[in-house]
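Hi everyone, thanks for coming along.

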Amino acid sequence: DVNAFKGKVEFTNVSFSYEKDGNTITDANFLVSPGETVALVGPTGAGKSTIINLLSRFYEPNQGTITIDGISIQQMTRKSLRRAMGFVLQDVFLFEGTIRENIRYGRLNATDEEVIEAAKQANAHKFISRLPNGYDTMLSQDGSGISQGQKQLLSIARAILRDPSILILDEATSNIDTVTEIKIQEALQRLMKNRTTFVIAHRLNTIQHANQILVLQAGKIIEKGNHETL
Ligand code: ATP
Ligand code: MG
């Protein structure tokens, strides 16, 4: 089962360009042990999202290899690779459907009980239960009617249901009230536990707690370490 990945990730001499010439990523090398949290930091345009795009095989490197548990991701189907990955992004993808359906999108064969359990783990159950139609509340694609923070909680519930080996987290920077922010952080801690996590980090606290920090600048990893060593 592809979800049984331990989650060791290695980039070896990875270079990549979106265009014909120039390098977006130059000679990236790093090793992530199963369950570690890696913070990707660096200025806008440095290549943080590109590293994630390469790991997810939205793009292929021009040079070098990317492996998961020692197996080149080139040898995996995109489908099986993506099944092993979960995403919690700033812009939460929602579709027109109920809250239940939107959470279940993480794993389509999940039962109602599993959806509710995931929502509880994600600190989303309370706000959902307070809505007049609860889990049957219809959402529009833009999720109007629920807050930015609540969208994040739904996204976390979806990821918990998915139970991925590798988690991709793009921390929200938008205004989220303090109470919801605490709920999000707590839910994320649960989600990240024992899971290899790549986080495009904006919060100092996240960076401080990461096992590894990769500092990117103009497509190069200019520093590697943790909060103590950097
Ligand atoms: P941000 O903090 O703004 O999200 P980032 O570190 O994620 O930045 P990337 O999105 O990885 O940066 O972009 C790295 C470089 O690649 C930038 O110069 C960007 O303009 C370019 N780039 C990103 N996506 C594409 C694309 N689809 N086609 C062409 N160039 C791209
Ligand atoms: Mg980015």
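This is a predicted model: local features need pLDDT of at least 70, side-chain atom pairs count only at pLDDT 80 or more; totals for chains, interfaces and linings use all residues.

Let's begin with Ala-118, which sits in helix H4. Residues are numbered from 1 along each chain as its sequence is written, and chains are lettered from A and ligands numbered from 1 in the order in which they are written.

Okay, back to Ala-118. Is Ala-118 buried or exposed? Ala-118 counts as buried, because there are 26 C-beta neighbours inside 10 Å. The cut-offs go like this: 20 or more other C-beta atoms within 10 Å of a residue's own means buried, 12 or fewer means exposed, and in between is partly exposed, with the C-beta atoms placed from the backbone.

So who are the neighbours? Setting aside residues within four places in sequence, Ala-118 is in contact with Ile-103, Ala-157, Ile-160 and Leu-161. Contact here means that the two C-beta atoms, placed from the backbone, lie within 7 Å. Look at Ala-157 in particular: Ala-118 and Ala-157 are 39 residues apart along the chain, yet their C-alpha atoms are separated by 5.1 Å.

Now zoom out to the whole of H4. Which residues of H4 are buried? They are Val-115, Ile-116, Ala-118 and Ala-119. These residues cover an arc of only 160 degrees around the axis, so they are on the same side of H4. That arc is taken from the directions from the helix axis to the C-beta atoms. A handy thing to remember: an α-helix has 3.6 residues a turn, so residues three or four places apart point the same way. And what covers that buried set includes helix H3 (99-104), helix H5 (125-130) and H6.

Let's look at how two of these helices pack. The axes of H4 (residues 112-121) and H6 (residues 148-162) come within 8 Å and cross at roughly 120 degrees. Axes are lines fitted to C-alpha atoms, for helices over the stretch in contact, and angles run from 0 to 180 degrees between N-to-C directions. H4 and H6 are therefore oblique to each other. On the scale used here, under 35 degrees is roughly parallel, over 145 is roughly antiparallel, 65 to 115 is roughly perpendicular, and the rest is oblique. On the H4 side the contact uses Glu-114, Val-115, Ala-118, Ala-119 and Gln-121, and on the H6 side Ala-157, Ile-160 and Leu-161. By class, that contact has 6 nonpolar, 1 polar and 1 charged residue. Nonpolar covers Ala, Val, Leu, Ile, Met, Phe, Trp, Tyr, Cys and Pro; charged covers Asp, Glu, Lys and Arg; the others, Gly among them, are polar.

H6 has another partner. How do H6 and H7 run relative to each other? H6 and H7 are roughly parallel, as their axes cross at roughly 10 degrees and come within 10 Å, with H7 spanning residues 178-192. Among the residues that meet there are Leu-153 and Ile-156 in H6 and Ile-184 and Leu-188 in H7. The H6 and H7 contact has 8 nonpolar, 3 polar and 2 charged residues.

Just after H4, Asn-123 takes a positive phi of about 60 degrees. Asn-194 also has a positive phi, near 60 degrees, in a residue other than glycine. Asn-194 is in the loop between H7 and strand E10 (196-200), and counts as exposed because there are 8 other C-beta atoms within 10 Å. Then there's Ala-218, not a glycine either, with a positive phi of about 50 degrees. Ala-218 is in the loop between strand E11 (212-217) and strand E12 (220-225), and is partly exposed, with 14 other C-beta atoms within 10 Å.

Last stop: Val-9, in strand E1 (residues 9-16). Val-9 is buried, with 23 other C-beta atoms within 10 Å. Not counting residues up to four places away in sequence, Val-9 touches Val-32, Leu-55, Ile-68, Ile-166 and Thr-196. Val-9 and Ile-166 are 157 residues apart along the chain, with 9.0 Å between their C-alpha atoms.

Methods: Helices (H or I, at least four residues) and strands (E, at least two) are DSSP runs, numbered from the N terminus.
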